[in-house]
Amino acid sequence: MHRIYNVLVKLSGTVLKAAGKFSPKLKDFTEGREDLFSRLEKKIDRNEDHIWIHAASLGEFEMAVPVLKLLKEKYPEKKTVVSFFSPSGYNNKKQHSLVDHFTYLPLDTPDNAKRFLDIIQPKMAFFIKYDFWPNLLKELKRRQIRTFLVSGVFRKDQAFFKAYGKWMIKSLKAFDHFFVQNKESQELLYSIGFKNVTVSGDTRFDRVAAQLEADNRIDFIEEFKQDKMLVVCGSTWPEDDELILKFLNSSVNIKFIIAPHEIKAEKIQKLEKRINIPTIKYSEKEGKDLSHYSVLILDTIGLLGRAYSYADIAYVGGAAGNTGLHNILEPATFGIPIIIGENFSKFPEAERLRQLAGLISVKNSEEFSAILTKLYTNSEFREKTGMIAGHFINSNTGAIRALEEHL
């Protein structure tokens, strides 16, 4: 099976390159890997010690931030190398204060694995949540490089737990220790013979909890909000707009910040045309009296996390359609009620918070309007719902401490 896997990986490189002619994302995927090794060789000083952290995409990188912070504190002399599999991760994180080098991960062939590790020569390796690559893991094991899985999640439907995927179990032997998010993951690893497992939780809780200690002030949001109630709608898609706009357009004393997931000009123009109350974009705010506007569209990136600190209520996008729910933990850390769409079955943290009554799921614009009205008019309900969300974050931090004990 391993041989078949290697053949398929090599074929995928050719197929993806051809498909890139029709898909901008796949084009980024293949073009980003061209001359990858020569670019890495120019970046990496082999006289320095490196630690390698792999994150599949942007979400996993956010989970890696507490790990990076710990590593910089514990090993300040070592350089950090972060690899991404997806273009969305790589293209959005070209630089970060905790990262010395960013790179794409090469396709998982035996030769690529050897060459990649020859260049980086990591003293330690960390995989975030998942993205298990058999050849890379096999090579890490062969070189006896200490390797850890952080915030891991295992499910019964993964290949490791199927008859056809037993060959992949060998690759898991590369891990010195598994730090997993839940008991189910631990029990699944136990079932295939791995006892070096700790249920440590999700580092995202540590990541968002640290935001409370940061400087979250944004002057223009203070000018925009004034003393009005503010709803921050984060990472929204067109399906989310369908839920939000009816209530938004009828609002009088509530202000809205909308941070679309995609900030393409044509899509934001379509959104603007559907809003009937005074609206201003971030890119056009200079010289304007923001207090006169009811809606502020953040047609930029990097401000949403701090914007939630001004919110009285948050709507988190992605679950109204099938694009995937975005980060509910960012607003939860500020102790505010959270509203989402109905498609969140693959997001256990959302289900847990919903069961605790710190999050509300809605199916349509009527339900959205009803819950917004209740949250707006009933301060006791709003404060209690937000308090539950904040406590949810506080009670789930500590994943990074478990990792620290093993380094």
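These are my notebook entries on a predicted model, taken from the overall division of the chain down to single residues.

**Entry 1: domains**

I began with how the chain is divided. There is a domain 1, residues 15-201, and a domain 2, residues 216-395. I looked up the distance between their centres, taken over C-alpha atoms, and found 33 Å.

I then checked the UniProt record. Its entry, which is unreviewed, annotates residues 43-206 as "domain: 3-deoxy-D-manno-octulosonic-acid transferase N-terminal".

**Entry 2**

I traced an open sheet of seven strands with parallel pairing. I wrote down the order as β3-β2-β1-β4-β5-β6-β7. Which strands stand at the edges? They are β3 and β7 (197-199); each has a single partner strand, so one side of each has no neighbour in the sheet. From one strand to the next, the twist averages 20 degrees.

I looked at two of the pairings in turn. β1 and β2 run parallel and are joined by six bridges. In this pair, I found Ile53 opposite Val82 of β2. I also noted that β2 is mostly covered, with five of its six residues buried. The second pairing was β6 (residues 177-180) with β7, which is parallel and has three bridges. There, Val180 stands opposite Val199 in β7.

**Entry 3: helix α6**

Next I followed helix α6, which spans residues 110-120. It lies across β1, β2, β3 and β4. Its direction is at about 135 degrees to β1.

Which residues of α6 are buried? I listed Asn112, Ala113, Phe116, Leu117, Ile119 and Ile120. Around the axis they cover an arc of only 160 degrees, which means that they are on the same side of α6. I recalled the background: an α-helix has 3.6 residues a turn, so residues three or four places apart point the same way.

I then asked what covers these buried residues. The cover includes the strands β1 (50-55), β2 (79-84), β3 (101-104) and β4 (122-128). It also includes the helices α3 (36-43) and α7 (134-142).

**Entry 4: positive phi angles**

I kept one general point in mind here: most residues other than glycine have a negative phi.

- Gln121 follows α6, and its phi is positive, near 50 degrees.
- Lys129 is not a glycine, yet its phi is positive at about 70 degrees. I found Lys129 in the loop between β4 and α7.
- Ser235 is not a glycine either, and its phi is positive at about 55 degrees. I found Ser235 in strand β8 (residues 229-236).

Is Ser235 buried or exposed? Its relative accessibility is 15%. Buried means under 20%, so Ser235 counts as buried.

**Entry 5: Gly358**

Last, I looked up Gly358. Where is Gly358 found? It is in the loop between α16 (348-355) and β14 (359-361). Its relative accessible area is 0%, so Gly358 is buried.

I listed the contacts of Gly358, leaving aside its neighbours within four places in sequence. They are Pro337, Ile338, Leu353, Thr385, Ile388 and Ala389. I looked at one of these, Ile338, in more detail. Gly358 and Ile338 are 20 residues apart in sequence, and their C-alpha atoms are 6.8 Å apart in space.

Methods:
Residues numbered from 1 in each chain as written. Predicted model: local features only at pLDDT ≥ 70, side-chain atom pairs only at ≥ 80, totals over all residues. Heavy atoms only, no water. Buried < 20%, exposed > 50% of the residue type's maximum accessible area, 1.4 Å probe, protein only. Helix = DSSP H or I, 4+ residues; strand = E, 2+ residues; numbered from the N terminus. Arc of directions from axis to C-beta. Contact = heavy atoms within 4.5 Å. UniProt positions renumbered as here; feature names shortened; annotations may be inferred. Domains from an automatic or database assignment. Pairing = 2+ DSSP bridges. Axes fitted to C-alpha atoms, helices over the stretch in contact; angles between N-to-C directions.
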